[in-house]
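Dear colleague,

Please find below the sequence and structure that I am handing over to you. My findings follow after them.

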Amino acid sequence: MSPEPPLLSVDGLVKRFGGFRALDGLSFHLNPGEILGLVGPNGSGKTTCINVISGLYAPDGGGVRFAGRAIGGLPSHRLVHLGINRTFQVPKPFLSLTVRENVAVADGYGRNPRGPVDIDTLLATLDLRPVAERRAAELNSAQQKMLDLARALATGPRLLLIDELAAGLNPAELDRVAVQIKEIARSGVALLVVEHLMGFIGEITDRVIVMNAGKEIFEGVMADAIQDKRVVEVFLGGEDEG
Amino acid sequence: MPRLLRHTLLILLPLVAALALAPALYGNHLLLFNVIVFLTLAQGINIIYGFTGYLPFGYVGFFGAGAYGFALAVMHLHALPLVALAAGGLAALLLGVLLTPLLRLSGAYFSIANLAAALAVLQIVSNPALESVTKGPYGISLSGVFDPALAYGVALAILAATTFLVIWLRHSRFGMALQAIREDAISAAMAGIDVVRGRVVAWLLAALVAGLTGSVYAWYISVFYPETVFGGEITIFAIVFALFGGTATILGPILGVVILYGIYNAIGISAPQYFQLIYGLLIMGLVLFLPNGLASLLRRRGIDVP
């Protein structure tokens, strides 16, 4: 038990879409510098969880606390100013703006507590320096994902929610992304990573939460998760499934 | 900001100087005045459509609200023209505030709702039951404040301020934030931008521009009917001019007005049937082959259009 309260604590979170409970009492916490993996079958509520924490949806029950403050239902831009940011499964950069302008907007409006970022350095760490003056529309999908990450990092987040950044990347790109994510965490940022690639999750995370039907069914390290009977059942189907 | 200064000196100054000198060289002052009106309205469309992506089919509603705000202040409050001008701007701003819920809609739904709103304002203004207030359908006469020379100068000042606003948007952080919102509102929010505030500010700026233009138009012509200042063709012209040249640029709407309004006046009045044919074909060609206007032709060749 660490004496410091966690940076993010999610407590009994509920999100309904009509009669469907996408989140059904989800609870977990996350500490600074930690990489927490969020895994589970399709439709288990992983992206919904990120959408609620990042202010896209207001929660229908339960609470989200960030740095000791209840943040459920705050609009996204306010959450960005508090130090929460995210990447998108399908990145939607500002297509008609240049790569540099994309990052400059986030730098200008993100209220980074460490002051304005050095855009060239940030772009260089994400391999975007050579395309800095191109329009975002001209980038390939891997580059657009990196630009989405650059947009998030420019705001100086303390909590970064990463939604399937690795999907669609080739093995060399995957290795680079893994290194980059670990480096971000080393700088003290708390990371919540949603991913389908279990090898990737196992390599980068300190801890994982396995979700099913809107709630957590396992919490611990990845190596134990794959031994857990409930987890195996959720992913591969149980004997009693008809 | 050197680019702000450069574009002010190279675009705004020559434009204003040319239009200030033109009445001395060219006899048709009404035509010159209309050029100023459409230059201002096209830049107003540029602010709301070019920078936020909302296409207001009822943009003329703000123009008409401005004209009637001006007229009512003159008729009922005996206000001086410059005070009445402020009243016209305020009327358009109030209409803009009233219509902010429309910004929840997007695409064609927004455009149609805005068109309906403008028609509703026209119906209210031209209601015979309101004759004692608005003169209903019988029209307005403001002969007491008729001063076309001064009105021309004021219209030019409004055009200058509007063009400067667009130059500023083109080069400012706020203008870039608006373009980010236009491209993707969710990503923009995750860049820390207050999306609702950005949209409302752009919307009200566009409303104010049209309101002031409508006010000065009412002052200049001084005799008009509701249909004169709420006519749908005013919106259509402003939109087509802005789109033809290219939105989210400074020069695009200016080129659009100079070229298309030029064609309109060259052949539209002498041979209206050919004009309508050419104009119709032009708009179709534009939508099909050049949706981002003339500016995109140059941009494709790597030339940055200011």
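**Helix packing in chain B**

Helices α2(B) and α13(B) are oblique to each other. The model is a predicted one, and in it helix α2 (residues 29-52) of chain B packs against helix α13 (residues 251-268) of chain B at an angle of about 140°. This is therefore classed as oblique, since only angles over 145 degrees count as roughly antiparallel. The two axes lie 9 Å apart, and the crossing of α2(B) with α13(B) is right-handed. On the α2(B) side, the residues that meet α13(B) include Leu31(B), Val35(B), Phe38(B) and Ala42(B); among their counterparts in α13(B) are Pro253(B), Ile254(B), Val257(B) and Tyr261(B).

**Nonpolar core**

Ala238(B) belongs to the largest nonpolar core, which holds 168 residues. Together with Leu191(A), Ala155(B) and Phe241(B), Ala238(B) touches the most other members. Helix α10 (residues 195-221) of chain B supplies the largest share of this core, with 16 residues.

**Strands in chain A**

Strand β1 (residues 8-17) of chain A runs antiparallel to strand β4 (residues 61-66) of chain A, and five bridges join them. Here Leu8(A) has Phe66(A) as its bridge partner. Phe66(A) also stands opposite Arg69(A) of β5(A), where β4(A) and strand β5 (residues 69-70) of chain A pair in the antiparallel sense over two bridges. Two residues separate the strands of this hairpin, and Ala67(A) adopts a positive phi near 50°.

With kind regards

Definitions and conventions
Residues numbered from 1 in each chain as written. Chains lettered and ligands numbered in written order. Predicted model: local features only at pLDDT ≥ 70, side-chain atom pairs only at ≥ 80, totals over all residues. Pairing = 2+ DSSP bridges. Helix = DSSP H or I, 4+ residues; strand = E, 2+ residues; numbered from the N terminus. Core = buried A, V, L, I, M, F, W, Y, C linked by C-beta atoms within 7 Å. Buried ≥ 20, exposed ≤ 12 C-beta atoms within 10 Å, placed from the backbone. Axes fitted to C-alpha atoms, helices over the stretch in contact; angles between N-to-C directions. Parallel < 35°, antiparallel > 145°, perpendicular 65-115°, else oblique. Left-handed = near helix turned anticlockwise from the far one by under 90°. Contact = placed C-beta atoms within 7 Å.
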